[in-house]
Amino acid sequence: MREVADILYGAAFTVAVCLALGSLLLQRLRLTLYRGEAALLGFVSGAGCLGFLMAILCTLHVARKGVFQWGGLAVVVLAIYQFRRLPRRRSLPAISFSWLVPFYLIFSAYLVYYFFNALAPEISPDGSGYHLGNVVRMWKAHGFDWHYPSMYAYLSQGTEMLFLCAFAFGRHSAAALVHFAWLCTLPLLIVCWGRRFHHPKAGIFAAILIFAAPVIGKDGISAYNDIATATLIYAVFYLLKVWDEEKSTNLLILIGILSGAAYATKYTAFLTLPFAALWVLRTPASRLRHLLLVALPALLLIAPWTLRNSFWLGNPFAPFFNSLFPNAFYHPGMERIYAETLKHYTGIQHNWQIPLELTLRGGLVSGIFGPTFLLAPLALLALRLKSGRQLLLAALVFAFPAYLNSGTRFLIPAAPFVALAIGIAFAEVPGALPALALFHAFVCWPAVLSTYCDPWNWRISEFPYRAALRKEPSYPFILKHIPEFGLKVPIELNVPPGERIFSFAGRPEAYIDREIIISYESTLGNLAQEILWTPQAHRPEHAQHFKFLAVTTRGVRVRNAAYGTEFWTVAEFRLRSQGREVPRTPGWRVSASPNGWESPLAFDNSYTTRWSAWENLAPRQRIQVELPEPQTLDEVVLDCAPAWNAHLQVEILLDSGRWVPITDTVETALADFPRGIRRSAARDLKALGLRYLLINQGDMVYEDMRKYPAYWGITELSEANGTHLFRLD
Amino acid sequence: MEPTSSDSTEPVSASRAVIAARCLLGALLAISLVRAMTQSVTPGEAWNFDRFVAPPWAEALSRFDINNHVLNTLLVRISTARFHLTELSLRLPSLLAGALYLLAVYRLARRWFGDGLPFLSVIGLLTLNPLVVDALSEARGYGLALAAWTWALYLILESTQSFNRRNLNLAGVCLGLSVVASLAFAACAVALLLVSTVWFVAEGRRQKLPQLMFLTLFVLLILPVNRAQWATLAVGAKSLGRALDGLADLSLGTSHEILHLGGRAAAVAAALAGLVFCVRYWRRREDALLVIAGAILPLSFVLLLLSHDYLHTPFPQQGAVFLVPMSMLLVTSIILKFRMKAAQITYLVLCAMLCACYLAIFPFGMYTAAPEFAGGRTLAKSLRQKAGTANVRLGVSLDAEPVVNYYRWRYRQSNWQAERKPLTETYDYYVLTPADAALIEQRHLHVLYRDRGLTLAQ
């Protein structure tokens, strides 16, 4: 029970600090909010502030338990002291008990179910993967881990900051419980909105729709950040409506803080600040002042993340916009591949399937909102009211990220607005809202849900109270849900501390006490993947010969002049004179554009490494070498897997410093490819610091490794659920 | 056609017609109860049970076909779970719906046709049709749909006289329920919805009939139709004429070509007459039954045709039972509207003849839809007696498979192993329909039980 107490303490302490910070902020801003909404908005805004403070602590590398403990306690004590001196706030407009009682009954039933799921060991894929993986690394480093290369470490991590505070006391489940607190906040805030803005029934209806929605429930009990994002966005909308009524300038500061906190929580909330700014600008008077009051606090909360990424990676918006901010940490081409993968629905045969997938089936989109959300088109009936128009506008704006990522989770920020609009649309139909709410609560109950959704739909599927109360060991529970967890012990036994492991797929890194380099998460991962794929996927078996009359020059480059969707790659760039290769010397200055950081890979005499543009073919892409002394040359050879759509030409450097083309005639021939490519790949991987591999049976290289372990020079150390741990000997 | 009483509750002293009607309805209910308890399960009932009632929810919701009458399936699941599986518990929802239908017919007739012979004739026409009699107890959705639709009509007509929002809301729900009970009722429910909505909008009354009907449909249908395939829904008559022919055949127990022609002509004439009277008496509140019935019959035909043309939906067969009350109410209203004694007497005589005809073919025994399976229960009992508790392999004709499966559940005979293999293989027992009866000779089987439709052989 000690473990459970630690978990509960960690989560409760974090929530209490959030509440305390929020309470102090609201007092400072002297906002006249109602009692219920003040508590909820206090938590939300306090969470934003705590995330900001934690980011500073992480930057300074003083993120330690003692700092959290005593700093947090000080804030809580101060807030209690201040709170006692304040007059009691007014309560929200009353609502009929015949509505409140059923609401709280349904809410309580789901609350208990969700609570035990959140309390159970964390088993969500992303939660046990990168969300808590980042937290664990920060916890170990007492701040940001500047050495770990992963695109997920570059994202804004406002919620992870709260997780870090809770993790310090209660580990993984405490973090999940913090997200669960957000899950509880959102529906209550929706009820408050309904009561405040004269749509109490619609508010209660929407709260049930949101709280019972399976994907929201599952997300909310996991160490994710989608519900926190949705709650922050919703809180901004809420306060904008309040501002419409009260026009208090201090409200704008709070709106700004929450807008910034939304961005800090998840990049997909980037529209919150422009939305709030445009909303505020509707009022003709004092436009600039209002805009600044919103923007400045928002930018303050955004700053830790953009500044961190600017200084660390050279890209304030990493891991996105790498074309605009080229850097050595993430390839623009990988970004495009990653974005394309997320953008498209896989397995959908007809567009009509999409609403059914999002509401009833869920297998292809990872989660459902529940059948009642099929009524979303009827929310348009709410357009007859101003509130309805505002809700639908907000729904439209905050649904935009779903265009970039087809997962159901990315529609969560729009869901509260849609639910409220449906509520308003049906408010006048007798019995409709209670009937629909009861129907929704019934059909979304996990046991009922399993009867009609796809079996592999991402959802809560059990009530693990024994695992939650730690009456049964966590190991088998986690193993049941995350089979790769079975590799934890073999990895920690076989891989020495400090060693890194390469994997093509994401792993539950929050549970494995070693660093895992994932193939698609960084340039290092990309490089390791390229090396491993070379023997099978892209052997540089072709040699492109560019022959020309002998010239004496201090520089040669090969330049592309065509467009295409392939990446241009060069495994080896060789200069020749009179049929013999010009030996390379340390004085050669090699460069390339784009991806100049990796240009040495074309001059390292290894066929398993290669320079790649990591961008679609485009004119002006080049790879070049500048020589310390003028050399007589008559041929350039590129060993590569050719990009057939490229149009390459060789240019030489004149004494005047000008590059002039000399030939674009290429003779492509199959090269006499040397043996031992597998061993070479293993050697290059080790050179990158990767001596251990986690390979799934479905990975392309697995069969080859299984057949030729001696050629690879690998030893299998362990296997669990189709994943093999290899060591490079 | 005017309502004869502002209050549809009991009059102080009942006329002889009323007493006769009550006796008739009581007798019908009693007969339905007896049939529900004693008759063998029909293939339709057994198929529905086998596919949608007996399996776990997840399996039942993983498919949908037109034979799944959702409301009936849901209520049967509750009924068979609450009580033991018997023919009565299987048919209990339909039986209760039948009682509700009879009550609706009684109140409707009493309200709009007084307490004389017209009242009695309407009662007879709306209840004695064999198709209707079957629907009163057969464990299919038609009885539920008929009851819900008739109550919707009754409540709407009530509200045309004295506007009552609560009744109208209930009518909206009933309309939704009628479609949930049988998709074949979609056209008549939508027709009634459209006509009544136009009626009340013309009166300047605000009502939520469409929304409530839609929400009822949504809540009850959305999960079952989640996995629906269009191909499994497109089962039914190929043309409206065929649908009317089928209705006439089942109603009169014969299938003469002249009867078909007469039926089609009568339907067209009734629809046209209904349209004329609807236009002529629109806005006269006291003629609401004439106007509404006059409008919904042609409108239902139009909707069926449009749906067939644009959505390629088939026409209802057994589900066309809604045409019975719809057309009979319309024709009776028109005749009574004339106030011509001779016409009324002629009509009453025709009604009496039709009722006599119905009574002549009254289905006291097995349901009209599948008389060849009347001996299913006896066969199952014989098999149970012969097989005892031993594991036996059964070779079953494809048509009889759901019935055998039902009785396997019913008598808890998990030792019956009905295998989906060709009947030419060797089995311990054979349950054969006439189509496979030749097998008895070919394999020299020993017949244990035989009736007009089923044979049990060893």
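**Two chains and their contact**

Of the 729 residues in chain A, 52% count as buried. Keep in mind that this is a predicted model.

Staying with chain A, the secondary structure comes to 27 helices and 15 strands. Its radius of gyration is 29 Å, close to the 27 Å that the globule rule gives for 729 residues, so chain A is as compact as a globular protein of that length.

Now chain B. It has 20 helices and five strands. Of its 458 residues, 49% count as buried. A compact globule with 458 residues would have a radius of gyration near 23 Å, and chain B has 23 Å, which agrees. The box for the C-alpha atoms of chain B is roughly 70 × 45 × 45 Å, again taken along the principal axes. Among contacts in chain B between residues at least 6 apart in sequence, 76% join residues at least 24 apart.

Next, one helix of chain B in detail: H18, residues 376–387. The helix has 12 residues, and at 1.5 Å a residue they should span 16 Å; the end C-alpha atoms are 16 Å apart, so the two values agree.

Which residues of H18(B) are buried? They are B:Gly376, B:Leu379, B:Ala380 and B:Leu383. These four cover an arc of only 100° around the axis, so they sit on the same side of H18(B). Just after H18(B) comes B:Gly388, which takes a positive phi of about 60°.

Last, the contact between the chains. How many residues of chain A are in contact with chain B? The count is 14, and they meet 13 residues of chain B. On the side of chain A that touches chain B, helix H19 of chain A, residues 432–443, gives the most, with five residues. By class, that side of chain A has 12 nonpolar residues, two polar and no charged ones. The size of an interface is often given as the accessible area lost when the parts come together. What I have given here is residue counts: 14 in chain A and 13 in chain B.

Notes: Residues are numbered from 1 along each chain as its sequence is written. Chains are lettered from A and ligands numbered from 1 in the order in which they are written. This is a predicted model: local features need pLDDT of at least 70, side-chain atom pairs count only at pLDDT 80 or more; totals for chains, interfaces and linings use all residues. Two residues are in contact if their C-beta atoms, placed from the backbone, lie within 7 Å. Helices (H or I, at least four residues) and strands (E, at least two) are DSSP runs, numbered from the N terminus. Ala, Val, Leu, Ile, Met, Phe, Trp, Tyr, Cys and Pro count as nonpolar, Asp, Glu, Lys and Arg as charged, and the others, Gly among them, as polar. The radius of gyration is taken over C-alpha atoms; the globule rule is 2.2 Å times the number of residues to the power 0.38. A residue is buried if 20 or more other C-beta atoms lie within 10 Å of its own, exposed if 12 or fewer, and partly exposed in between; C-beta atoms are placed from the backbone. The expected span of a helix is 1.5 Å times one less than its number of residues. The arc is that of the directions from the helix axis to the C-beta atoms.
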